[in-house]
Amino acid sequence: MNRMQVMLLGFVLLGRSLEESARLKASSDMNELISLLSPQSRLVVTSSSDDLPSDGILNSDAITVEVPVNDVRVGDSVLVLPGETIPVDGNVTGGSSFVDESMLTGESLPVAKEKGCPVFSGTVNWDGPLRIKATTTGPSSTIAKIIRMVEDAQAHEAPVQRLADAIAGPFVYTVMTLSAATFSFWYLLGTHLFPEVLLNDISGPDGDSLLLSLKLAVDVLVVSCPCALGLATPTAILIGTSMGAKRGLLIRGGDVLERLAGIDAIVLDKTGTLTKGKPVVTSIASLAYDEMEILRLAAAVERTALHPIANAITKEAELCKLDIPTTSGQLTQPGFGCLAEVDGRLVAVGNLDWVHDRFETKASPTELSDLGKRLEFVPSSEASSSNQSKSIAYIGREGEGIIGAIAISDVLRDDAKSTVDRLQQEGIATYILSGDRKEAVEGIGETVGIRSENRRSSLTPQEKAGIISTLQGEGHRVAMVGDGINDAPSLAAADVGIAMRTHSKENAASDAASVVLLGNRLSQVVDALSLSKATMAKVHQNLAWAVAYNIVAIPVAAGALLPQFDFAMTPSLSGGLMALSSIFVVSNSLLLQLHGSFQKAERPGPDDLKSRPKSQIL
């Protein structure tokens, strides 16, 4: 076996070893999803069948025992404390709280839970203790199903179509056959049909037909270039993935680039993908005081709370450099609001009815209506997402009743609309699939320009994956862009999964994806598509060159021009042409660095320059 065949096998084996390494890495990354399964739970054991006491948590004779989650059975009751992950699917039988369901729905705002409300494994309890009656446990739980769907989708990933493999496989045997045929033809027939060829220098001074036949057969072996075929794909892929990595695009393999280049439909999640995924204060309204006073009082009460709405209020106060007073007598009613003494008077922050009922002095319906209307005025760039996905915290004070309100919402990414426009200009159909409310999804979809029939809301992770499978069944090649764990099944089921890399908590989604946008900019989706198309164009050019070169060079080396033009290659010329063919492939791949979209270093996007959206102060 000569040097060229050894090099060809070396490239093939190297490519396969890298592919296997990536596959093993993807399998190990599933541990990130599995870590969401809570290993322990607090099983409630009681001998009494009486109704729960007024506090709604435990009977007087109840005790809790920590047991493995796998030992919990349907019908058992478990206790989940604030900050803990809910271990089983079930219904709340006691207590009230806010639950972070972002891993399931993608919605960044917490959901109020009270008696009778369903809860799901893998979600996080924020405020108060909850007593939950298990309805689904073990492998049938929500998070277990999500993990299983990701594994199944990865196992059924479409096979990679490598043109080089299809051509290079039989190439060596074909060349060896042609070489043998060349020798046989010229030794047995050619020198008799064309005796004048023996006068060429290639036959030696004695006009030896055996020498001529051997040299032409060797020329066929030498001039043929399996190296060009072996280099055509990996050199372009190596440069393409390296360029992507330097610009914040983590592309996991050449097969991903190949599939990404053929995408004709892109599915977008809402929360964290089209929107920023982090609740922020978007407007403040007051009935009698300065808006900063309202924010100062709210931040004082919410400073010790854990849920995202409280975090948004306290962060806004810190950004405004407010002097937040100390509090005493802190009281939290999970799912409703917080109460504390600030500057000698009680201040309540929470939902409208709860705050309204805390004080004897009541704000009039007209004042409350005016307060709500004033909160609706937000900057136009944030209007759609804010108005459609808003939570309002009302602030009341002892002796005055409700004195103001703060709107907290998720806002649209600065590059969302421009990205959707660019995708549509490229002829790529865009869809929005979300677990959020219909009005929120419709508002976002209309703002960014996604057609109404391509907007779907209130979807479970399974339903998202099902819609993607339906699109694939219709002949579309689908990419899914998401950021949350709830997007992991869809990311894995799509032809290409693209994950927004926001923070370490969401590594599971990144691990299920084929492309990770490390810059956390939606516009990088367009960059990834552009890079993949340019890379695959280079692959096709390289393969076309390698095939065309061999189609022309091998017949010439076999002596096709010898009878009429008295031209035959020498082994040195054959070797030079073979080397030139490989050099051309590598040089052509290097030209990928001049691809227009990547000639200049990217400037920081708006998300990088602005630490937060401007709050509207009314």
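The legends below describe close-up views of a predicted model, in which local features need pLDDT of at least 70, side-chain atom pairs count only at pLDDT 80 or more, and totals for chains, interfaces and linings use all residues. Residues are numbered from 1 along each chain as its sequence is written, and side-chain values use heavy atoms, with hydrogens and water left out.

**View A. The largest nonpolar core has 62 residues.** A nonpolar core is a set of buried Ala, Val, Leu, Ile, Met, Phe, Trp, Tyr and Cys residues joined through side-chain atoms within 4.5 Å, where buried means under 20% relative accessible area with a 1.4 Å probe, protein chains only. Ile-266, Leu-274, Ile-498 and Val-525 touch the most other members. Helix H20 (residues 524–557) gives the largest share of this core, 15 residues, helices being DSSP runs of H or I with at least four residues, numbered from the N terminus.

**View B. Surroundings of Ile-498.** Leaving aside residues up to four places away in sequence, Ile-498 touches several residues, among them Leu-260, Met-480, Leu-491 and Val-525, contact meaning heavy atoms within 4.5 Å.

**View C. A hairpin of strands S13 and S14.** Strand S13 (residues 327–333) and strand S14 (residues 337–342) pair in the antiparallel sense over 5 bridges; strands are DSSP runs of E with at least two residues, and two strands pair if DSSP finds at least two bridges between them. Thr-332 has Cys-338 in S14 as its bridge partner, while Gly-335 in the turn has a positive phi of about 90 degrees.

**View D. Residues 171–189, 100% helix and 0% strand.** The end C-alpha atoms of this stretch are 26 Å apart.

Terms used: Buried < 20%, exposed > 50% of the residue type's maximum accessible area, 1.4 Å probe, protein only.
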